[in-house]
Amino acid sequence: MLSDAFLARLDTLCLAVKGRASGGAGGVRRSRQTGSSAEFSDYREYIPGDDIRRIDWNAMARFDKIFLKLFMEEQESAVTVLLDGSGSMGEKWDAARMAAEAVGYLALTGGDRLRVYCLQAMDPADPALNGNKVSPLLSGRQAYARLLQFLDTCAPHGAGNLTEAVFRTEGLRKGLCFLISDCYEEEGIARALDNLRYRGQECAVIQPLSAFELDPSLDGALKLTDSENGETVNLLADRDALENYRRALGSFLRDVRETCFRRETPYALLDAGKNFEEEWIPLLSSSGMI
C-alpha cells in the first residue's frame with residue numbers, strides 16, 4: 001500500500017491523454033472539442049454514482065430510461081488497468097500492484113472512471129483460476145478504498161497467456177489503458193496491443209522486472225524451476241551462460257520497446273528491486289504517461 005506522503009505527491013499530477021476525453025460528464029479532464037462546459041454535446045445512459053444534477057428529466061419521460069447530458073469542454077475519460085496475474089509475476093508482484101494502485105489513484109483523483117482487470121488463465125482443474133478478475137466501475141477519490149479492496153483479492157498464480165487474457169476482457173470503454181505486465185509472452189505483446197487499440201484503447205505499457213531478472217547473481221550448477229508450470233531445468237551458471245542470458249534479456253527488452261514504439265505506445269521499465277515511491281514519478285514523467 002502506498003504511503004500518505006506519496007499519495008499527496010500524486011495529488012499534484014494527472015494522467016496524460018493524447019486523444020479526446022470521452023465516456024461521460026462531470027470529469028475534470030479537458031477534451032479537445034471546442035465550446036464551453038455549458039454547451040450541450042450528447043446523451044448517455046445513467047450509471048450509478050453519476051451526478052444526478054445532469055439527468056435530463058424530459059428524455060427520461062419520453063424514453064423511460066435515465067439519460068445524462070454531456071457537455072463539450074469537460075468530460076471524464078475511462079481508465080482501464082490490465083494487471084498481469086500470471087505466476088511469473090510473483091517476484092515483482094508488489095511493484096506491479098503498487099503501479100496499479102498509483103495509476104488507479106491518479107485516475108480517481110483526476111475525475112475519471114476506473115476499472116481494473118487482473119489477467120489470469122481459466123483452468124477447470126484449478127479452482128483458483130477462473131479467468132480474469134474484474135473490479136467494479138470506480139469513480140471519485142472516495143473509491144480509492146474499494147480499489148485497495150479489489151487489489152487485495154488478486155494474487156499471481158498459474159500459467160498465463162497474456163494475449164488470450166487480453167482478448168477475454170469484456171466491457172472495455174474507450175479511453176486510456178495501462179498494461180502492467182512482465183511481457184513474458186512467447187508470441188510477444190503485439191497482438192494484445194493491436195486488439196486493445198482496435199477497441200478504442202490508448203495504451204501504455206509498464207513492465208516490472210525483478211532485480212534478479214535484470215542482473216542475476218548465479219554461480220555453479222543449479223536447478224531452476226519455472227514459476228508458472230513447475231518445469232525444471234539444470235543449468236551451469238558459468239560466465240558464458242550469464243553472458244548469453246544478458247544478450248537474450250537485451251534482445252527481449254528491445255523487442256518490447258520497439259513493439260510499443262511502432263504503435264506510439266508509451267513504455268516504462270520498472271525495476272522492482274528499487275524503491276517504488278522514489279522511482280515511480282520520474283519513470284512515468286520520462287515516459288510521457290503523466
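What percentage of the 290 residues of the protein count as buried? I began my notes on this predicted model with that point, and the value I found is 44%.

**Entry 1, overall make-up.** I looked up the secondary structure next and recorded 9 helices and 11 strands for the protein. For the surface, I noted an accessible area of about 14,900 Å², of which 50% belongs to carbon and sulfur atoms. I then turned to contacts between residues at least 6 apart in sequence, and I wrote down that 74% of them join residues at least 24 apart.

**Entry 2, cysteines.** How many disulfides does the structure hold? I found 0, and I wanted to see what the cysteine sulfurs do instead. A disulfide is a covalent bond between the sulfur atoms of two cysteines, and the cut-off I applied to a pair of sulfur atoms is 2.5 Å. For C118, the closest cysteine sulfur belongs to C154 and lies 4.0 Å away, which is too far for a bond. For C260, the closest cysteine sulfur is that of C183, at 6.7 Å, and this pair is likewise too far for a bond. I also checked burial: C118 is buried, with a relative accessible area of 1%, and C260 counts as buried at 1% relative accessibility.

Side chains of opposite charge can pair when their charged atoms come close. My search of the whole structure for such pairs returned 9 salt bridges, and I followed up several of them one by one.

I took D11 and R141 to start with, which form a salt bridge whose closest N and O atoms are 3.2 Å apart. D11 sits in the loop between α1 (4-10) and β1 (40-45), while R141 sits in the loop between β6 (138-139) and α4 (144-152), so the pair ties together parts that are 130 residues apart in sequence. Both ends turned out to be partly exposed, D11 with a relative accessible area of 38% and R141 with one of 46%.

I then examined E213 and K92, where the closest N and O atoms of the salt bridge are 2.6 Å apart. Buried or exposed, what are E213 and K92? I found E213 buried, and K92 buried as well.

My next pair was R97 and D152, a salt bridge with its closest N and O atoms 2.8 Å apart. Since R97 lies in helix α3 and D152 in helix α4, the pair ties together parts that are 55 residues apart in sequence. I noted that R97 is buried, with a relative accessible area of 13%, whereas D152 is exposed, with a relative accessible area of 55%.

In which sense do strands β9 and β10 pair? I found that β9 (residues 220-225) and β10 (residues 232-237) pair in the antiparallel sense, over 6 bridges. Within this pairing, L222 stands opposite L235 in β10. The two strands, β9 and β10, form a hairpin with 6 residues between them, and I noted that G230 in the turn has a positive phi of about 80 degrees.

Terms used: Residues numbered from 1 in each chain as written. Predicted model: local features only at pLDDT ≥ 70, side-chain atom pairs only at ≥ 80, totals over all residues. Heavy atoms only, no water. Buried < 20%, exposed > 50% of the residue type's maximum accessible area, 1.4 Å probe, protein only. Salt bridge = Lys/Arg side-chain N within 4 Å of Asp/Glu carboxyl O. Helix = DSSP H or I, 4+ residues; strand = E, 2+ residues; numbered from the N terminus. Contact = heavy atoms within 4.5 Å. Areas by Shrake-Rupley, 256 points an atom, 1.4 Å probe, with all protein chains shown as cover. Pairing = 2+ DSSP bridges.
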